[in-house]
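Here are a few exercises to work through with the model open beside you. Try each task before reading its solution.

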Amino acid sequence: MVELSTLVVFALACVALTATPGPDMLLIASRSASQGRLAGLATYIGIAFGLYCHALAAAFGLSKLFLAAPIAYDVVRIIGAIYLLYLAWGALTSNGNASELKKTHRISFWVMFRQGLFTNLLNPKVALFVLALFPQFIEPAAGNVALQIMILATILNIIGLLVNGIVILTVDKIGSIFSAKGRFKRLPQIFLATVFTGLATRLVFDTRN
């Protein structure tokens, strides 16, 4: 197994990574503001499962496909951008304000989960991130490499849950304040649509570097 000292260093790196505002945190925050803490949590769980999928792909060498075949990277990137624009349109045209949307949590949980999952899976940069970071903490002599990768993914997801949990609770309260005010009740949804559009634009114009 991986040495404890290696796991500690990796955990510290994860804290620094997850505490730095990025696309995932922005998406989770906007979901929490527009549809409540459960939607934010479901989105995070979807993202976490997406990370497991990327970790498995890295373990079996599938992520190297993006490096070997640039066209595969570009195809996934464009599909991801189109999907995000679709979500942006859905957020912008949805009926009801944030407080009304929170009442449909039993229906929306799986929708939010799937959207978080697909948003993560259709971002090829996540695959390259896993491929670049995880091998630095892998010790081939310590045993099964695939198992080590999944352990690292689990540590990253647990720390991500703690960090993003704080974001979810905080932003949910802020979203409730805005939704209670008549002229601002659609602001969280507009913010969510803007986030999706921004993430789509980022995917379109980003390079692998």
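This is a predicted model: local features need pLDDT of at least 70, side-chain atom pairs count only at pLDDT 80 or more; totals for chains, interfaces and linings use all residues.

Let us begin with a definition: a residue is buried under 20% relative accessible area, exposed over 50%, and partly exposed in between, using a 1.4 Å probe and protein chains only. Residues are numbered from 1 along each chain as its sequence is written, and side-chain values use heavy atoms, leaving out hydrogens and water.

**Exercise 1. Describe the fold and the confidence in it.**

Start with the elements: the protein chain has 10 helices and zero strands. Both kinds of element are DSSP runs numbered from the N terminus, with helices being H or I of at least four residues and strands E of at least two.

Next, look at confidence. The mean pLDDT of the chain is 82, and 85% of its residues reach 70 or more. Helix 6 (residues 98-102) has the lowest mean among the elements, 50, while helix 3 has the highest, 93.

Finally, consider burial: 45% of the 209 residues count as buried.

**Exercise 2. Which residues touch the most other members of the largest nonpolar core?**

A nonpolar core is a set of buried Ala, Val, Leu, Ile, Met, Phe, Trp, Tyr and Cys residues joined through side-chain atoms within 4.5 Å. In the largest one, of 25 residues, the answer is Phe10, Phe134, Leu152 and Leu156. Helices 1, 2, 3, 8 and 9 each supply at least two residues of this core. Helix 9 gives the largest share, 10 residues.

Now zoom in on one member. Leaving aside residues up to four places away in sequence, Leu156 touches Phe10, Cys14, Thr18, Tyr44, Leu51, Phe129 and Phe134; here contact means heavy atoms within 4.5 Å.

**Exercise 3. Locate the salt bridges and classify their residues.**

A salt bridge is a side-chain nitrogen of Lys or Arg within 4 Å of a carboxyl oxygen of Asp or Glu. Searching the whole structure gives two.

Take the pair Arg37 and Asp172, with an N to O distance of 3.1 Å. This pair links distant parts of the chain, 135 residues apart, with Arg37 in helix 3 and Asp172 in helix 9. Arg37 is partly exposed because its relative accessibility is 44%, whereas Asp172, at 6%, is buried.

Turn to Asp74 and Arg77, whose side chains meet at 2.9 Å, N to O. Both lie in helix 5, three residues apart, about one turn of the helix. With 28% relative accessible area, Asp74 is partly exposed; Arg77, at 11%, counts as buried.

Technical notes:
pLDDT is the predictor's confidence in each residue, from 0 to 100.
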